[in-house]
Amino acid sequence: MSIRENLLRIKADLGENVSLVAVSKYHSKEEIMQAYQAGQRIFGESKIQAMTEKYTHLPKDIQWHMIGHTQTNKVKYMAPYVSLIHSVDSLKLLSEINWQAQKNNRIIDFLFQIRIAQEQTKFGLSENELFSIVSSTDFQQMQHIRLRGIMGMGTNTDNQAQIKQEFLYAKSIFDMIKNNLHTNCNIDILSMGMSGDYQIAIACGSTMVRIGSAVFDKN
């Protein structure tokens, strides 16, 4: 199927209350433009330099989401334009985002990445680490960032019961911060679910899915 046909099929699955991030990190500007011409406006990249190069050459109404592990020394390159950072996993990184946002006279939206998978290779904060950061004076004094919610990645497994359990755990954390945080926050995004598990994620309360191969593959 074409990229347009893939997008129509996926968006029919998502319904009105779930946003789609088309993961374009392995795809060319031409393929992104095919998705753009089919109505897609949110794209996700995992490397800041590649995202910045695409931002420079593609339409400016695209919303660019940083979905990969973020290096502190690279934040300055995306600070002028990034729409949402999904992968904040330390107070040090958040401080740099706040500083670069201030330099660009912006408020940058972000998600805390929560470690919900059993795989040790996954990045992210534990529940205790998350609440330690959000209760800190340093966090509460940051005026150029806005917490929108959390992101989680399920274990790469065929065990759907395990994936569901991990997603429900992420939803419970999302509900806790939504009900208890007010400073620098507008909690409305639970980013979980990719090409192989997004239906499970939606059933567990996801409001944003990150889908690459199911959008761009033309098989």
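**Reading contacts and burial**

Analyst: Setting aside neighbours within four places in sequence, Leu-147 is in contact with Phe-110, Leu-111, Phe-112, Val-134, Phe-139, Ile-177, Leu-181, Asn-184, Cys-185, Asn-186 and Ile-187, where contact means heavy atoms within 4.5 Å. This is a predicted model, in which local features need pLDDT of at least 70 and side-chain atom pairs count only at pLDDT 80 or more, while totals for chains, interfaces and linings use all residues. Residues are numbered from 1 along each chain as its sequence is written, and side-chain values use heavy atoms, with hydrogens and water left out.

User: Where is the place of Leu-147, and is Leu-147 buried or exposed?

Analyst: Helices (H or I, at least four residues) and strands (E, at least two) are DSSP runs numbered from the N terminus, and Leu-147 has its place in strand 6. For burial, under 20% relative accessible area is buried, over 50% is exposed, and values in between are partly exposed (1.4 Å probe, protein chains only). Leu-147 is buried because its relative accessible area is 0%. Arg-148 is also found in strand 6, which covers residues 145-152, and with a relative accessible area of 16% Arg-148 is buried as well.

User: Which residues does Arg-148 touch, not counting residues up to four places away in sequence?

Analyst: Arg-148 touches Leu-84, Asp-109, Phe-110, Leu-111, Asn-186, Ile-187, Asp-188 and Ile-189 when residues up to four places away in sequence are not counted.

User: How do I read a nonpolar core, and which members of the largest nonpolar core touch the most other members?

Analyst: A nonpolar core is a set of buried Ala, Val, Leu, Ile, Met, Phe, Trp, Tyr and Cys residues joined through side-chain atoms within 4.5 Å. The largest nonpolar core here has 62 residues, and those that touch the most other members are Ile-85, Phe-110, Phe-112, Phe-139, Leu-147 and Ile-150. Helix 8, residues 160-180, gives the most to this core, with six residues. Another core lies apart from it, made of seven residues, including Ile-42, Leu-84, Met-151 and Ile-189.

User: What is Phe-112 in contact with, leaving aside its neighbours within four places in sequence?

Analyst: With those neighbours left out, the contacts of Phe-112 are His-86, Val-88, Leu-94, Leu-125, Leu-130, Ile-133, Val-134, Phe-139, Leu-147, Gly-149, Ile-150 and Met-151.

User: Which position does UniProt list for "modified residue: N6-(pyridoxal phosphate)lysine"?

Analyst: The UniProt record, an unreviewed entry, lists Lys-25 for that feature; positions follow the numbering used here, feature names are shortened, and annotations may be inferred rather than shown by experiment. In the model, Lys-25 has its place in the loop between strand 1 (19-23) and helix 2 (29-37), and Lys-25 is partly exposed because its relative accessible area is 32%. Not counting residues up to four places away in sequence, Lys-25 touches Gly-44, Glu-45, Ser-46 and Lys-54.

User: How is a pocket read, and how many residues line the second largest pocket?

Analyst: Rolling a probe the size of a water molecule over the atoms shows where empty space is left. On a 1 Å grid over the protein atoms alone, with a 1.4 Å probe, a pocket is an open set of points with protein on both sides within 12 Å along at least five of seven lines, and lining residues have an atom within 4 Å of a point. The second largest pocket is lined by 13 residues, of which Thr-155, Asn-156, Thr-157, Gly-196 and Asp-197 lie nearest its centre. About 260 Å³ of space lies in this pocket, a volume being the space filled by probe spheres set on the points, which are joined across faces, edges and corners.
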